[in-house]
Amino acid sequence: MENTLLFSIIIPTYNRAGFLSIAINSIQKQSYSNWEVLIIDDGSTDNTKEVVSLKSKEDNRIKYFFQNNQERSAARNHGIKIAAGNFICFLDSDDYFLENHLEKINFYILQNIKKSFFFTDFQFSSDQKTTSPHSNKYFKN
């Protein structure tokens with residue numbers, strides 16, 4: 001396996017145009033650049049398509065797909081079917097990645113090449129307050 005993995009980041013969305021730019025910007029700011037973003041619009045009636053269109057014009061790694069509303073799981077499954085990456089990452093449209101997220105994952109995968117599923121910690125953030133990373137005692141190996 002190469003040292004450069006392609007990550008397919010799947011973002012299911014439904015009427016989240018107001019949040020979507022933050023999620024996409026966080027991916028564009030990654031220190032690791034070998035990725036594609038698949039925005040799966042699950043039947044939005046807001047200006048989601050226009051928001052993604054502006055982003056995809058500036059970065060061809062951002063791709064937009066529309067489907068009739070079928071809920072998040074169907075949108076994620078649609079993304080998996082069309083993903084080109086070596087690994088799939090999920091990001092909700094109202095969340096974001098820290099700037100070195102993909103770089104750290106790439107490093108960890110290459111150190112643990114025989115594994116096929118990876119789980120990362122997360123933080124909650126609201127009103128200028130951020131929690132410590134969530135510690136998960138269940139996924140040790």
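Modeller: What follows goes through the rings, the charges over rings, the salt bridges, and then a few single residues. Keep in mind that this is a predicted model.

Begin with the aromatic rings. The structure has two aromatic pairs by the rule used here. The rings of F7 and Y32 have centres 5.6 Å apart, with planes at 75 degrees. An angle over 60 degrees counts as edge-to-face, so F7 and Y32 are an edge-to-face pair. F7 belongs to strand β1, residues 7–13, while Y32 is in the loop between α1 (17–28) and β2. The pair therefore ties together parts that lie 25 residues apart in sequence. Buried means under 20% relative accessible area. F7 has a relative accessible area of 0% and is therefore buried; Y32, at 9% relative accessibility, counts as buried too.

F7 also pairs with F87: here the ring centres are 6.4 Å apart and the planes are at 40 degrees, so this pair is tilted. F87 counts as buried at 14% relative accessibility. Taken together, F7, Y32 and F87 make one aromatic cluster.

The charged end of R61 sits over the ring of W35, 3.6 Å from the ring's centre. R76 lies over the face of F90, and the distance to that ring centre is 6.0 Å.

R61 leads on to the salt bridges. Besides sitting over W35, R61 forms a salt bridge with D59, and the closest N and O atoms of this pair are 2.9 Å apart. R61 counts as partly exposed, at 25% relative accessibility, whereas D59 counts as buried at 9%.

This bridge is one of five that a search of the whole structure finds. Another of them joins the side chains of K63 and E36, at 3.0 Å from N to O. That pair links distant parts of the chain: K63 is in strand β3 (residues 62–66) and E36 is in strand β2 (residues 35–41), 27 residues apart. K63 is partly exposed, with a relative accessible area of 31%. E36 is buried, with a relative accessible area of 6%.

Also among the salt bridges is that between the side chains of K55 and E58, at 3.9 Å from N to O. K55 and E58 both lie in helix α2, residues 48–58, and they are three residues apart, about one turn of the helix. K55 is buried with a relative accessible area of 12%. Exposed means over 50%, so E58, at 55% relative accessibility, counts as exposed.

Next, a residue in a helix. G79 is in helix α3, which covers residues 72–82. Its relative accessibility is 0%, so G79 counts as buried. Leaving aside neighbours within four places in sequence, G79 is in contact with I10, L38 and I40. The C-alpha atoms of G79 and I9 are 8.6 Å apart, although the two residues are 70 residues apart along the chain.

Last, two loop residues to check in the backbone. N15 is not a glycine, yet it has a positive phi of about 50 degrees. N15 is found in the loop between β1 and α1, and it is partly exposed with a relative accessible area of 29%. E71 is not a glycine either, and its phi is positive at about 85 degrees. E71 is found in the loop between β3 and α3. At 47% relative accessibility, E71 counts as partly exposed.

Note on methods:
Residues numbered from 1 in each chain as written. Predicted model: local features only at pLDDT ≥ 70, side-chain atom pairs only at ≥ 80, totals over all residues. Heavy atoms only, no water. Helix = DSSP H or I, 4+ residues; strand = E, 2+ residues; numbered from the N terminus. Buried < 20%, exposed > 50% of the residue type's maximum accessible area, 1.4 Å probe, protein only. Contact = heavy atoms within 4.5 Å. Salt bridge = Lys/Arg side-chain N within 4 Å of Asp/Glu carboxyl O. Phe/Tyr/Trp six-rings, centres within 6.5 Å; stacked < 30°, edge-to-face > 60°. Lys NZ or Arg CZ within 6 Å of the ring centre and 35° of its normal.
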